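Please examine the sequence and the three-dimensional model shown below. The paragraphs that follow lead from the whole chain to selected residues.

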Amino acid sequence: MTTTLDLIYLNAGGGHRAAAQALEAVIRQQGRAWQVRCVNLVDMLDPQQRFQRLTGIAPEDLYNLRLARGWTLGLAQELWLLQALIRLGHGAIVKRLRRHWQDAPPDLVVSLMPNFNRALAEGLAEVMPGAPFVTVLTDMADLPPHFWIEPGGRGHLVCGTAKAVAQARAAGYPDAQIHRSSGMLIRPDFYRPLALDRRAERRRLGLDPDRPTGVVLFGGHGSMAMAAIERQLPDVQLILLCGHNKALAAQLRGQTGAAPRAVLEFTPEVRRYLQLADFFIGKPGPGCLSEAAQQGLPIVTFSNAWTLPQERYNAEWVQEQGLGVVSRSARQIRPAVLELLERLDEFKANLRLIDNRAVFELPEILADVLQARAQAWQTAPAPLLAV
């Protein structure tokens with residue numbers, strides 16, 4: 001009998017979907033006898049796409065537009081409002097989730113997104129009582145209350161840092177329901193050998209093969225902060241990855257500096273360009289930082305009032321691990337980059353101590369959860385029959 005896993009994500013920011021796709025890919029590579037369904041929560045809650053038909057835009061795209069424009073100030077307050085609305089509509093959300101799962105219930109649900117985990121767990125329990133519910137934190141820490149870790153100890157948690165484990169325990173989760181991974185989920189192809197002639201590849205991009213090179217990355221939708229970074233570093237050679245932000249790419253191509261530039265729009269070969277660089281500049285997103293660290297790149301990142309509230313600990317993590325420098329803003333990045341270049345060898349030595357294998361660990365964790373559930377069913381006492 002096939003075991004069905006639902007991996008739940010949102011397109012907001014792109015990191016949740018990327019984590020789901022990474023997990024699906026490694027499950028397939030490992031030959032697990034599981035049917036994996038990657039499901040967008042928006043499709044579960046609004047299968048008729050009423051919101052998009054009414055407004056002309058998908059709900060996640062509003063969030064992504066704000067990220068691309070850098071309109072992130074005030075998102076902490078908006079998050080509290082969102083969470084209040086979720087609590088207010090909790091019953092209706094659970095009802096929609098139950099309706100979604102009634103015809104094809106899963107054996108296990110893995111949430112790779114925050115805010116809706118209480119509703120997901122309850123909706124699953126109403127359709128498949130006893131089916132395991134697992135929340136995989138794709139942030140390095142929780143933003144309590146009601147973000148990733150719902151108080152009360154319902155379901156299992158996969159935590160990629162010691163801080164997240166401590167938060168889970170403080171929220172009442174027993175150790176049997178807390179699973180420590182070695183980091184954040186990143187795509188399995190980031191671990192495959194990649195033979196590159198760095199000098200030839202840099203020349204192909206119009207770069208000086210011998211000059212220290214930074215790669216600038218703000219996720220799949222870019223950020224207008226990249227334009228400020230480029231202006232502050234006219235003499236630093238840069239590869240600027242703009243993702244789907246065509247307007248940003250056009251603006252950056254129009255800027256001039258003393259050092260060569262390579263400006264690229266969306267590419268599936270992010271790892272290739274990371275490997276062509278000597279250091280990383282970008283937002284403190286858990287995926288961006290984890291990819292840079294896995295590739296051995298010292299990091300310059302940011303922490304300020306515009307930083308997403310759930311990403312502020314990530315900048316602390318960079319400092320705690322000794323992986324790079326944290327700047328207050330893109331306009332103050334020059335001193336941070338100069339400090340990084342002076343301490344490059346120190347940061348590279350610390351990066352060699354990072355061994356993130358989370359994407360390969362997750363299927364085994366899920367297999368253990370399923371096995372524990374099967375054993376619990378086998379040892380459960382038989383129900384009493386009325387005579």
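The mean pLDDT of the protein chain is 88, and 88% of its residues reach 70 or more; pLDDT is the predictor's confidence in each residue, on a scale from 0 to 100. This is a predicted model, in which local features need pLDDT of at least 70 and side-chain atom pairs count only at pLDDT 80 or more, whereas totals for chains, interfaces and linings use all residues. Residues are numbered from 1 along each chain as its sequence is written, and side-chain values use heavy atoms, with hydrogens and water left out. Over residues 382-387, pLDDT stays under 50, and the model has 0 contacts there beyond four places in sequence. A contact means heavy atoms within 4.5 Å.

The protein chain contains 17 helices and 12 strands. Helices (H or I, at least four residues) and strands (E, at least two) are DSSP runs, numbered from the N terminus. Of the 387 residues in the chain, 52% are buried. A residue is called buried under 20% relative accessible area, exposed over 50%, and partly exposed in between (1.4 Å probe, protein chains only). Among contacts between residues at least 6 apart in sequence, 66% join residues at least 24 apart.

The interior may be considered next. A nonpolar core is a set of buried Ala, Val, Leu, Ile, Met, Phe, Trp, Tyr and Cys residues joined through side-chain atoms within 4.5 Å. The largest such core has 57 residues, and Val110, Ile239 and Phe280 have the most contacts inside it. Helix 17 (residues 358-379) provides the largest share of this core, 8 residues. Beyond its neighbours within four places in sequence, Val110 is in contact with Asp6, Leu7, Ile8, Leu23, Val134, Val136 and Leu366. A second, separate core of 27 residues includes Met226, Ala227, Ala336 and Leu344.

Ile93 and Phe116 are 23 residues apart in sequence, and their C-alpha atoms are 8.9 Å apart in space.

Helix 14 (residues 312-321) has Tyr313, Asn314, Ala315, Trp317 and Val318 as its buried residues. These buried residues pack against helix 8 (162-170), helix 13 (286-294), strand 11 (299-302) and strand 12 (324-327). Just after helix 14, Gly322 takes a positive phi of about 65 degrees.

Aromatic rings are a further topic. Rings of Phe, Tyr and Trp (its six-membered ring) pair if their centres lie within 6.5 Å; planes under 30 degrees apart count as stacked, over 60 as edge-to-face and the rest as tilted. By this rule there are 3 aromatic pairs. The rings of Tyr191 and Phe360 form an edge-to-face pair, because their planes stand at 70 degrees, with the centres 4.9 Å apart. This pair links distant parts of the chain, 169 residues apart: Tyr191 is in the loop between strand 6 (178-180) and helix 9 (198-204), and Phe360 is in helix 17. Tyr191 is buried, at 18% relative accessibility, whereas Phe360 is partly exposed, at 23%.

Cysteines complete the account. A disulfide is a pair of cysteine sulfur atoms within 2.5 Å, and the count by this rule is 0. Cys38 is partly exposed, with 29% relative accessibility, while Cys288 is buried, with 9%.
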